[in-house]
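Please read it alongside the sequence and the structure shown below.

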Amino acid sequence: MTLQELGQELRRRREEQSLSIDDLANRLKISGRTLRAIEGGSLDGLPHSVYAKGFVRSCGLALRVDPTELNGWLEEVFPASMYDEKPEAPLY
């Protein structure tokens with residue numbers, strides 16, 4: 001699953017529950033802009049991937065996505081290797 005596919009699924013579930021972007025944003029205490037970026041599958045509109053993953057998780061749980069299913073999606077979209085940043089060698 002890609003971030004775009006995950007965003008489309010979350011949007012579908014939000015619309016099934018007759019929630020607007022603003023309704024969900026207010027419930028989650030995050031910006032509508034962030035939710036639009038999630039639903040649009042755009043990492044450019046999201047903060048660092050650690051925060052983005054948390055926002056997507058919160059969104060999924062608020063929309064009553066099964067936690068096991070949601071965790072599987074998150075692992076595909078935000079694999080652990082994404083966080084394996086190696087520090088740069090010092091310049092002497």
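In this predicted model, helix 4 (residues 49-62) packs with helix 5 (residues 67-77) at an angle of about 155°. The axes of helix 4 and helix 5 lie 10 Å apart. Angles over 145 degrees count as roughly antiparallel, and helix 4 and helix 5 are therefore roughly antiparallel to each other.

**The contact of helix 4 with helix 5**

- The crossing of helix 4 and helix 5 is right-handed.
- Helix 4 contributes K53, V56, R57, G60 and L61 to the contact.
- Helix 5 contributes P67, L70, N71 and L74 to the contact.
- Sorted by class, the residues in the contact of helix 4 with helix 5 comprise 5 nonpolar, 2 polar and 2 charged residues.

**Secondary structure of the chain**

- The protein chain has 5 helices and 0 strands.
- Read from the N terminus, the order of elements in the protein chain is α-α-α-α-α.

**Burial, surface and contacts of the chain**

- The protein chain has 92 residues, and 38% of them are buried.
- Among contacts in the protein chain with a separation of 6 or more, 62% are accounted for by residues 24 or more positions apart.

How values were computed:
Residues numbered from 1 in each chain as written. Predicted model: local features only at pLDDT ≥ 70, side-chain atom pairs only at ≥ 80, totals over all residues. Heavy atoms only, no water. Helix = DSSP H or I, 4+ residues; strand = E, 2+ residues; numbered from the N terminus. Buried < 20%, exposed > 50% of the residue type's maximum accessible area, 1.4 Å probe, protein only. Contact = heavy atoms within 4.5 Å. Axes fitted to C-alpha atoms, helices over the stretch in contact; angles between N-to-C directions. Parallel < 35°, antiparallel > 145°, perpendicular 65-115°, else oblique. Left-handed = near helix turned anticlockwise from the far one by under 90°. Nonpolar A, V, L, I, M, F, W, Y, C, P; charged D, E, K, R; others polar.
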